[in-house]
Amino acid sequence: MIRWLTEPVPRGRVAAFRTLIYLFVAADLVFFTPWVRTRVNVPGDLYQPLLVGRLAHLPTPTPALVAVIFWTLLGLALLAASGRAPRLLGWSVCALYLEWMIIAMSYGKVDHDRFGLLVALAVLPTVGRARHGDPTRCEAAGWALKVTQVAVVCTYFLAAWAKLRFGGLDWLTGSVLARAIIRRGTDLADLIAQVPYLLIVAQFGIIAFELASPLVFLVPARWRLWTVGFFYSFHVVTFATITISFAPHLAAMASFLPLERVRPIHWLRRLRRRGSPPALG
């Protein structure tokens, strides 16, 4: 098990993943969860902190506190994406984003699509320095990515367990997807809903997919990327039909990808060299 958890991967992979995650945190503040800043407009007695918030005795959010967290976290996330001071900036971003999520989820609704992202933020600072494109294999980098992958798969598997625990077998044969389509469905979803029993089949398929998700660790390496591609396609269909976005989860799922091959700065430099005029003489 230890050998599996610490299987070495190129440092360049974790460097690229780290940049992706910290850039996503910045984008999340601005595009996906800016509504957290409006939480301070509701009465303070509606704030019911999550267990971690109660254990840490975190204060009730105020306009000043939320503003400080927002701007500080935004700046630190952009700095961390550069790879500088990976431990100091990494732990700072992890702590501030955790508080941001505690504020967001302490008013009655907890989203499960951020579990993998939070785990990634917690383990990335342990890797230390890593350069983009570095082929040197590192156990610390492998551990950070593997733990994030486990968190991603747990998100699927535990989601199925929760559906069956609270919904029972009725979740499989009920009108779960039909209600979702009525609330937030697209034209594509309306077409699908017209096919008899297709939504029931889809509900069985969702549970089967989520329960089988740990098999991604057992398939041969050459098929693993195709399996992860199927995971991504599942979310594309979900968004195209009932407009539910799992963006934080999708960012964390990039831990499965060979991101060391993605080197945009290197590509831009090569294009610039190709486009420059030849030297005279």
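Which helix supplies the largest share of the nonpolar patch? I began with this question, working on a predicted model.

**Entry 1: the surface patch.** I looked up the members of the nonpolar patch on the surface and found Phe157, Leu158, Trp161 and Leu211. Together these residues have about 390 Å² of accessible area. I then checked the helices: helix 7 gives the largest share of the patch, with three residues. Phe157 is one of the residues that I located in helix 7.

**Entry 2: the largest pocket.** I next looked up the volume of the largest pocket, which holds about 1500 Å³ of space. Its lining is made of 49 residues, and those closest to the pocket centre are His112, Thr238, Ile242, Ile244 and Phe246. I sorted the lining by class and noted 30 nonpolar, ten charged and nine polar residues.

**Entry 3: helices around the pocket.** Which helix gives the largest share of the pocket lining? I found that helix 11 does, with eight residues. Helix 11 spans 198–212. At least two lining residues each also come from helix 7 (139–167), helix 9 (176–184), helix 10 (187–193), helix 12 (221–242) and helix 13 (247–253).

Entry 4: I consulted the UniProt record, an unreviewed entry, which places the feature "domain: HTTM" at residues 140–254. Over residues 140–254 I noted 80% helix and 0% strand. The end C-alpha atoms of this stretch lie 17 Å apart.

Conventions. Residues are numbered from 1 along each chain as its sequence is written. This is a predicted model: local features need pLDDT of at least 70, side-chain atom pairs count only at pLDDT 80 or more; totals for chains, interfaces and linings use all residues. Side-chain values use heavy atoms; hydrogens and water are left out. On a 1 Å grid over the protein atoms alone, a cavity is a set of points where a 1.4 Å probe fits but cannot get out, and a pocket is an open set with protein on both sides within 12 Å along at least five of seven lines; lining residues have an atom within 4 Å of a point. Grid points are joined across faces, edges and corners, and a volume is the space filled by probe spheres set on the points. Helices (H or I, at least four residues) and strands (E, at least two) are DSSP runs, numbered from the N terminus. Ala, Val, Leu, Ile, Met, Phe, Trp, Tyr, Cys and Pro count as nonpolar, Asp, Glu, Lys and Arg as charged, and the others, Gly among them, as polar. UniProt positions are given in the numbering used here, feature names are shortened, and annotations may be inferred rather than shown by experiment. Patches are made of residues with over 30% relative accessible area and no salt bridge: like charges are joined within 9 Å, nonpolar side chains (Val, Leu, Ile, Met, Phe, Trp, Tyr) within 5 Å. Accessible areas come from the Shrake-Rupley method with a 1.4 Å probe; for residues, only the protein chains shown count as cover. A salt bridge is a side-chain nitrogen of Lys or Arg within 4 Å of a carboxyl oxygen of Asp or Glu.
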